[in-house]
Amino acid sequence: MFKQDQLDKIATKKEKWAAKLEETVKKRPERQAEFAVDSGITINTVYTPLDLADRDYDKDLGLPGEYPFTRGVQPNLYRGRLWTMRQYAGFGSAEETNQRFRYLLEQGQTGLSCAFDLPTQIGYDSDHPLARGEVGKVGVAIDSLADMETLFNQIPLGKVSTSMTINAPAGVLLAMYIACAEKQGFKKSEINGTIQNDVIKEYICRGTYILPPEPSMRLISNIFEFCSKEIPQWNTISISGYHIREAGATAAQEIAFTLADGIAYVDAAIKSGLDVDNFGPRLSFFFNAHLNFLEEVAKFRAARRVWAKIMKERFGAKSPRSWTLRFHTQTAGVSLTAQQPMVNIMRTAFEALSAVLGGTQSLHTNSYDEALALPSDASVMIALRTQHVIGYEIGVCDLVDPLGGSYYIESLTNSLEEKALDYIAKIDALGGAVKAIEYMQKEIHNSAYQYQLAIDNKKKTVIGVNRFQMEEAPPTGLLKVDLSVGDIQVAKLTKMKAGRDQAKVKALLEKVRTTAMSEANLMPVFIDAVKEYVTLGEICGVLREVFGEYKQQIVF
Amino acid sequence: MSEKRIRVLVAKPGLDGHDRGAKVIAQALRDGGMEVVYTGLRQTPEQIVSAALQEDVDVVGMSILSGAHATLFPEVVNLLRAKGAGDVLVVGGGIIPEEDIPALKAAGVAEIFGPGTPLANVVNYIKDKIK
């Protein structure tokens, strides 16, 4: 990127400067013995063209919207349209969540993001013994199409895009969404949205797995195939580093483990007979935006470059759309403190800004009270307004990749890429992501433990926790999920089940069973079943019988 | 000097899959000299109590971030008592609203460690209680 004589001149000057620096440090000792980002990369005092001497602009950076997409997936990015402001929401009953969705849309949110309760995520109906105490707690309870219809009442599914945080039973929930949209009068091809559908990270760190890896990967490939034909605008998977980071991974591990999972899904789909350019363009990603601002900006840029190379070079994808890493971002839940919760507004704002400077396609900003409870209406509003300030007031969206070309950002992007590639090589050597689940768990746990020790010994400052503490009154205005939600949901479910044509339900479940045991695609069968109000728990129950359940290995 | 090591069961009741905290605490207790068994995810109160009895632990530490603590923590305490293990120290952590703590303590949970608790506080609390 620089001419040799320029570099020589800078090198000579820098040598002299280094002597001066040494003198200065003697007089003004540095605050820390060493400066480093969370991924363990040492930070120098200053960066110059010397740090990028071996780089090639065209090969390493290119222009926005062009390979290797370091500078972004769109030529004009936010000059065309801002990212989708998408607040993750869902709690209690379908009625309550429907109200929250409509409130968010009225307030200027541009897409929906649905949280499901844990029984739904694990494929249990609300009346299952293991659902006790969990119904409606961390998201909305969806047992059947009836609940889905209530959830999207008066929300036109052909007009909004919806992201659903659903993994193991993603196919069944997608089937309900399709059935619901069709009932509203829309065609399949008109709907738009995302299912998370990333089971490997459930094994690694998020915990809402159901089936063992092999049938899970088959279900995912079924969804890829079905969507490429029937709902071409649908994002069939959101390969998630978010939870890997939340569980303790560093930024470099977040890139590596996420993309290694991505490699496993692409491998499985190709093995099932699909063409990489058929499903490749619909793969999407989900990252965390953590506190180390510049490291995060570099992380997003590095992830885009690594994925582009993987798709082009490793899998031979021909379509540029297969090469692009499009991603959703959520600010770091783990960075929120229960102490002095208002400070979380600032943390979230900086994290969100890093995602925007990193070129995210959609964004969720956390609410300041989330270390205490599910967010209240008031805290959700501030979180959304934070995105509005970034998008409309501070001018960072008027050009693409404004930090590109910073010696430090480029150098850090390179270092993170190198670190991530090292991890990916290790995972490849273990036989791929599915085989490397325990390896990744161990790495993540070690990072989490080191992070906590750094807070405890005050190497890492957390305001309100280990520095600048103060006496506080207990927080007020927290959201409380009504404990009766579970009972009401179970009563509704019981009534709905009794009103069905039982013979039809039985026949449809039998169809699920025989299809599961065959090699055929399960999606059409799921759609037929949910249309007759066969429940999520009933369908997943059959899948459990056919395939068995995943057993977690305990690693710490 | 042949002091018996404190035995702890770290457990994840309910369906919540967030076990970063549980594992970090488990490691800190182990590094603090205790014998630690971690149950893994999705444990029913019955499974937790049966593991506690089988492992003959002095302490059961549970972590929940899903909001199901009000239902599940007291069930574990009650089951321990019913099995004649009411002397096992039961502590909890996770996202537990301040206002829920008195009811949990009344139900027999000895202490709740919220977000931001230094590891040493948990280690020292347990060492102090189990002598």
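This report walks through a helix pair, a loop residue and a chain contact in a predicted model.

**A helix pair in chain A**

Let's start with α20 (residues 502-517) and α21 (residues 523-531) of chain A, whose axes come within 9 Å and cross at roughly 165 degrees. Because of that angle, α20(A) is roughly antiparallel to α21(A). The crossing of the two helices is left-handed. On the α20(A) side, the residues that meet α21(A) are A:L508, A:K511, A:V512 and A:T515, and their partners in α21(A) are A:V525, A:D528 and A:A529. Sorted by class, this contact has four nonpolar, one polar and two charged residues.

**A glycine in a loop**

Next, have a look at A:G405, which sits in the loop between α16 (377-392) and α17 (407-429) of chain A. Is A:G405 buried or partly exposed? It counts as partly exposed, because it has 13 C-beta neighbours inside 10 Å. Along the chain, A:G405 and A:I382 are 23 residues apart, and their C-alpha atoms are separated by 33 Å.

**Where chain A touches chain B**

Finally, the contact between the chains takes 32 residues from chain A and 27 residues from chain B. On the chain A side, α5 (118-121) and α18 (437-456) each supply at least two residues. The most comes from α18(A), with five residues. The table sorts the side of chain A that touches chain B by class.

| Class, side of chain A that touches chain B | Count |
|---|---|
| Nonpolar | 18 residues |
| Polar | nine residues |

Key
Residues numbered from 1 in each chain as written. Chains lettered and ligands numbered in written order. Predicted model: local features only at pLDDT ≥ 70, side-chain atom pairs only at ≥ 80, totals over all residues. Helix = DSSP H or I, 4+ residues; strand = E, 2+ residues; numbered from the N terminus. Buried ≥ 20, exposed ≤ 12 C-beta atoms within 10 Å, placed from the backbone. Axes fitted to C-alpha atoms, helices over the stretch in contact; angles between N-to-C directions. Parallel < 35°, antiparallel > 145°, perpendicular 65-115°, else oblique. Left-handed = near helix turned anticlockwise from the far one by under 90°. Contact = placed C-beta atoms within 7 Å. Nonpolar A, V, L, I, M, F, W, Y, C, P; charged D, E, K, R; others polar.
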